[in-house]
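Here are my notes for a first look at this structure.

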Amino acid sequence: MTLKMLAGRAAYSAALSTLLTASVLAQDTAYRDAAVAEAARIAEGLEVGGYVEVIGQNSGAEGQTLQDVYAAFTEATGIEVRYTGTQDITAIVQSRIQAGNPPNVADIQLGEARDLAEEGLLVDLSGAFGGDLNANFGAMLLETASYDGKVFGVYQGMNPFMVWYNPKAYTGPVAPQDWQSIVDWTNAEAENGNAVWCAAQNAGAGSGFPGAQIVDNIFLKKFGPELYAQWGAGELSWTSEEVKWAFEEFGRVVMQDSHVQGGVIGALSTPISSGYTGLVTDPATCQISLWGAWVPGLIGETAVPGENIDFFRVPASDPAFYGNELFQSAISVGFTDDAATKAFLQYIASTPAQTYLASLNRWPVANQNVPSDAYPSPLLQKIAAEYLSGDVEFAAGPNLLNGAATGSAYYKGIVSYMQNPGDLDNILAGIEATTE
Amino acid sequence: MTDFLGIVLALIVLGAIGIPILVYLALGLGEVILTLVPAKAGQKLRPWVWLLLPVALAATILIFPVIVTLGTSMMDARSASFVGLDNYAWAFSGSMLGIVGNNIVWLIAFPIATLVLALFAATLFDKVRYEPLAMTIVILPTAISFTAGSVIWTQMYSFQPAGTPQIGTFNAFLGLFGINPVPWLIQPVVNNLSLIFIAVWLQLGIATLILSSAIKNVGSEMIEAARLDGASEWRVFFSIILPNILPSVLVVLTTMIIAALKVFDIVYVMTNGNFGTDVIANKLYYELFAANNLGHASAIAVILLFTALPIAFINIFQFRSEARS
């Protein structure tokens, strides 16, 4: 190839890249403009000014993404959004409620929100924009977000769970529907001295929650959505044989020194922020991980979709429940019954706002009218296509429905079980005690 | 919608200007009333008039909450029904026993370790010319909050599985000698001692300072005389210095015991009570704000209060007797 040809190709590539970048930028701007227009439509006739205080769980880059979406609301309405992201949200929101000074909006766990709705502390959104809600969210989502027939909150993100793997390093069965095939492969690899799982659990005050979500997945795929819902609603005891089996299966398959990267102590001590990068390092230090849609984002730029990171649906112990999935999402609820708060919640639930959020490439959004091509990442597009518009039936259980006390006890219980597997009966009895 | 900044400004104005004016007016009013009563009675009443505001303030912000907490400690989670002493029974049963046990470890190890190290440091510093420098180094951590100190020590104790690069200072150091890394915050017993060590590091400076000033007050003639009589340095320390600084030792000990009783920040930041490191104050926070169980939280608060009270009284009396002497 001559130098001239090379220069020509380079110029062509540069021009194409500029065109593509310009087109992506134009698309981003279009999504933002649509969000601004929607906020303006919602706030029509409202008094401009003032602020809405929002407390959420996302900080850092993820918190900034949310604030970008909220900035469009401010631009259209003049209502400032004062956002604080904190991992200690349960304690902060509870103390603010106890002090009689709750924030306008909080993005909290569904179980906690249900408890607050039961106490009559949350704003009823059905009356304010029930039509929008019915059009934008699936029946299951609306059902989980309702108490006494009234919708008390809106979902922004919606993260399903899957098995993440590195196509370059993974030696196990791809997209199996049978959980046992993963178990057999894990055992075979362990015999060869390879610990295949990445399952870091250190998340500060919330340590153990990734393990709790694995137990939830194992349970759902073995016993189905009805028992799963009963477990979440407190109708199936934590000391039942079914729950005990799910914990033990988690211990047998994932939390063995020979199965998990770094051994059990390593999994307990490794922070979740860095505990999953082993999937994509060269050489990879683990091969699979059962966790939420946020894993590539957590790993960061070294995760290249389709190249060194991909996923398949969580296989099932009972084939009848392969199509059932659980999801993780906080729910945004309003504490103050004023026009600005309701306008803000209506805005974040709207299709243009969630399309804009999707375009910022963080996580799948809950609004069912958001087109999958709004996600720049092919992985997020794949998740949206497979989970949000496929044959998946979502189920809600402890992961979403636990109240604050039971949720904390569950996470602590996972940590205790990992340290003392022989103490499982006492651990489960301790969690059960928090439901009484 | 209220403006937060506006409220803060109003509170500053109220605190800095309004309250002094109100106090002045109240005392003036009291004096006017005193002029209306017979002189002898006025003299007897005057102290009470002047004490009225502080007593009312103490009653409002100290005694009233204690009474309310005593009440809520005998109610259920939402303070809806009376449950008698159930919450106290809970506080001494089940998982709470392990937590109380951890506090006992703190109560023993933390004050003793701090006291011994502070005595050691204060005595040795007294003998060297570069004492100010040594004292500055020991006292530096005191300037760091418990929370910030905990964040620093999280990095120091960081653990990665054996065979992977260690980013924690201690484990990287052990790695230099081919020793396997230690999960400082996870391994039972080691983790509690690791947390206690941070508290010692943070409090050693203030304890050394108190003991050092006490040592400097011990009469040099007495020490000289003992040395002339052939007493060894150990003998001088145990027979002359220690008996003379005993009141200060008691102050350090009681202050550290109270700190051990209410320890929260270090545990909350570093383990949040996981791995068998939970302590009473962290459990109180959990029950109040995570579990939303006011009954349990109040019972813990009352137990903490009544455990700390005798020690606080000893501390106060000790300070007073020192002031008198």
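Predicted model: local features only at pLDDT ≥ 70, side-chain atom pairs only at ≥ 80, totals over all residues.

1. The buried residues are A:Leu110, A:Gly111, A:Glu112, A:Ala113, A:Arg114, A:Leu116 and A:Ala117. After helix 4 of chain A comes A:Gly120, a residue with a positive phi, near 75 degrees.

2. Chain A is assigned two of them: domain 1 covers 26-158 + 329-370, and domain 2 covers 160-327 + 396-433. Taken over C-alpha atoms, the centres of domain 1 and domain 2 of chain A are separated by 29 Å. Domain 1 of chain A brings 15 residues to the contact and domain 2 of chain A brings 14 residues. On the side of domain 1 of chain A that touches domain 2 of chain A, helix 4 of chain A gives the most, with 5 residues. By class, that side of domain 1 of chain A has 4 nonpolar, 6 polar and 5 charged residues.

3. Next, please find the sheet in chain A. It is an open sheet of 5 strands in the order 2-1-3-11-6, with mixed pairing. Which strands stand at the edges? They are strand 2 (80-85) and strand 6 (153-155) of chain A; each has a single partner strand, so one side of each is left without a neighbour in the sheet. On average, and with direction ignored, neighbouring strands of this sheet are turned by 20 degrees against each other.

4. Strand 3 (residues 105-108) of chain A pairs with strand 11 (residues 331-334) of chain A in the antiparallel sense, over 4 bridges. Among the paired residues, A:Val105 has A:Gly334 in strand 11 of chain A as its bridge partner. Strand 6 of chain A also runs antiparallel to strand 11 of chain A, and 3 bridges join the two. Here A:Tyr155 has A:Ile331 in strand 11 of chain A as its bridge partner.

5. Are the faces of strand 11 of chain A covered or open? Both faces are covered: A:Ile331 and A:Val333 are buried on one side, and A:Ser332 and A:Gly334 are buried on the other. As background, side chains in a regular strand alternate between the two faces of the sheet.

6. Chain B has another make-up. It holds 13 helices and 0 strands, and along the sequence its pattern reads α-α-α-α-α-α-α-α-α-α-α-α-α. Why is chain B described as more spread out than a compact globule? Its radius of gyration is 26 Å, while the globule rule gives 20 Å for 325 residues; the value for chain B is well over that, so the chain is more spread out than a compact globule. Along the principal axes, the C-alpha atoms of chain B fill a box of roughly 80 × 60 × 45 Å.

7. Of its 325 residues, 30% are buried. Among contacts in chain B with a separation of 6 or more, 66% come from residues 24 or more positions apart.

8. You will find B:Gly219 in the loop between helix 8 (190-216) and helix 9 (220-228) of chain B. B:Gly219 counts as exposed because it has 10 C-beta neighbours inside 10 Å, and a residue with 12 or fewer is classed that way. The C-alpha atom of B:Gly219 is separated by 9.4 Å from that of B:Ile240, which is 21 residues apart from B:Gly219 along the chain.

9. Finally, see where the chains meet. How many residues does each chain bring to the contact? Chain A brings 24 residues and chain B brings 15 residues. On the side of chain B that touches chain A, helix 12 (residues 280-290) of chain B gives the most, with 3 residues. That side of chain B divides into 10 nonpolar, 5 polar and no charged residues.

Methods:
Residues numbered from 1 in each chain as written. Chains lettered and ligands numbered in written order. Buried ≥ 20, exposed ≤ 12 C-beta atoms within 10 Å, placed from the backbone. Contact = placed C-beta atoms within 7 Å. Nonpolar A, V, L, I, M, F, W, Y, C, P; charged D, E, K, R; others polar. Pairing = 2+ DSSP bridges. Axes fitted to C-alpha atoms, helices over the stretch in contact; angles between N-to-C directions. Domains from an automatic or database assignment. Rg over C-alpha atoms; globule rule 2.2 N^0.38 Å.
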